[in-house]
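Welcome! Here is a short briefing to read alongside the sequence and the 3D view.

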Amino acid sequence: MNRIAIFASGKGSNAEALCTHFSNHPDYKIELILCDRLDAGVYDVARNFKVPVISITRGFNDGKYLTAVLKENKIDFVLLAGYLRLVPSEVIAAYENKILNIHPALLPDFGGKGMYGEKVHAAVIAADKSETGFTIHIVNAVYDEGKIIFQEKIKVPQGISASDLQMLVNKEEHRLYPAIAEKYFDSVNQKS
Ligand code: GRF
């Protein structure tokens, strides 16, 4: 069994899609959720799926501590799902090519520090883009800059609001992130 940890900061809708997908999966299991905020919706997701949560409101910057937590829990892979902090370099070194992130735009556009949530979609609309989407990439030490493994393009409907565009993109993220992550982990396992 491959053991997966999710890092999240927000409402946890992607975490929920991941927990749903990997429930009763023969090869992969969501073992742990780490959350850097006390008021995040992802705690409800964890409760519903009976996944233990560790609050890292203080430890999020401490690479040694986070690596130790992941190792103690025998975690094989990490999925960022709406996680807003930079992953410390110790964790990236310990889990090289084994951490994925999802970003709600077509990187390298509309990414980087501070580009999250509705702000991303408002920027896409302000730039008058006809296409947006989401990106799944390997996590390295810079926000949103690791190797891209998957992008899904989505048409921007004329006159749509940022919050509606966010909902539209989110829905597609939920549909595809779990399966793309699984396929990527399978390919990593085949190589090792
Ligand atoms: C998603 O749009 C994801 O692309 C980004 O943050 C949002 C997460 O929302 N990284 P949620 O917490 O999964 O609902």
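Predicted model: local features only at pLDDT ≥ 70, side-chain atom pairs only at ≥ 80, totals over all residues.

Residues are numbered from 1 along each chain as its sequence is written, and side-chain values use heavy atoms, with hydrogens and water left out.

**The ligand and its surroundings**

- The ligand sits in the largest pocket. A pocket is an open set of points on a 1 Å grid over the protein atoms alone, where a 1.4 Å probe fits, with protein on both sides within 12 Å along at least five of seven lines; a molecule sits in it if more than half of its atoms lie within 2 Å of its grid points.
- Helix 1 (13–22), strand 5 (99–103) and helix 6 (162–191) are the elements that give two or more residues to the shell around the ligand. Helices (H or I, at least four residues) and strands (E, at least two) are DSSP runs, numbered from the N terminus.
- Among the residues surrounding the ligand are Gly10, Lys11, His103 and Glu173, where near means a heavy atom within 4 Å.
- The shell divides into two nonpolar, seven polar and two charged residues, with Ala, Val, Leu, Ile, Met, Phe, Trp, Tyr, Cys and Pro as nonpolar, Asp, Glu, Lys and Arg as charged, and the others, Gly among them, as polar.

**Atoms that meet the ligand**

- In the side chain of serine 13, an N or O atom is 2.5 Å from an oxygen atom of the ligand.
- For asparagine 170, the distance from a side-chain N or O atom to a ligand oxygen atom is 3.2 Å.
- Isoleucine 102 places a backbone N or O atom 2.8 Å from a nitrogen atom of the ligand.

**Aromatic pairs**

- There are seven aromatic pairs, meaning rings of Phe, Tyr and Trp (its six-membered ring) with centres within 6.5 Å; planes under 30 degrees apart count as stacked, over 60 as edge-to-face and the rest as tilted.
- One of them is the tilted pair of phenylalanine 134 and phenylalanine 150, at 6.0 Å centre to centre and 40° between the planes.

**Backbone spots**

- Leucine 107 and proline 108 are joined by a cis peptide bond, with omega about 15°.
- Lysine 74 has a positive phi, near 50°.

Notes
Polar contact = N/O pair within 3.5 Å; in protein donor to acceptor, adjacent residues only side chain to side chain. 1 Å grid on protein atoms, 1.4 Å probe; cavity = no way out; pocket = protein on both sides within 12 Å on 5 of 7 lines; lining within 4 Å.
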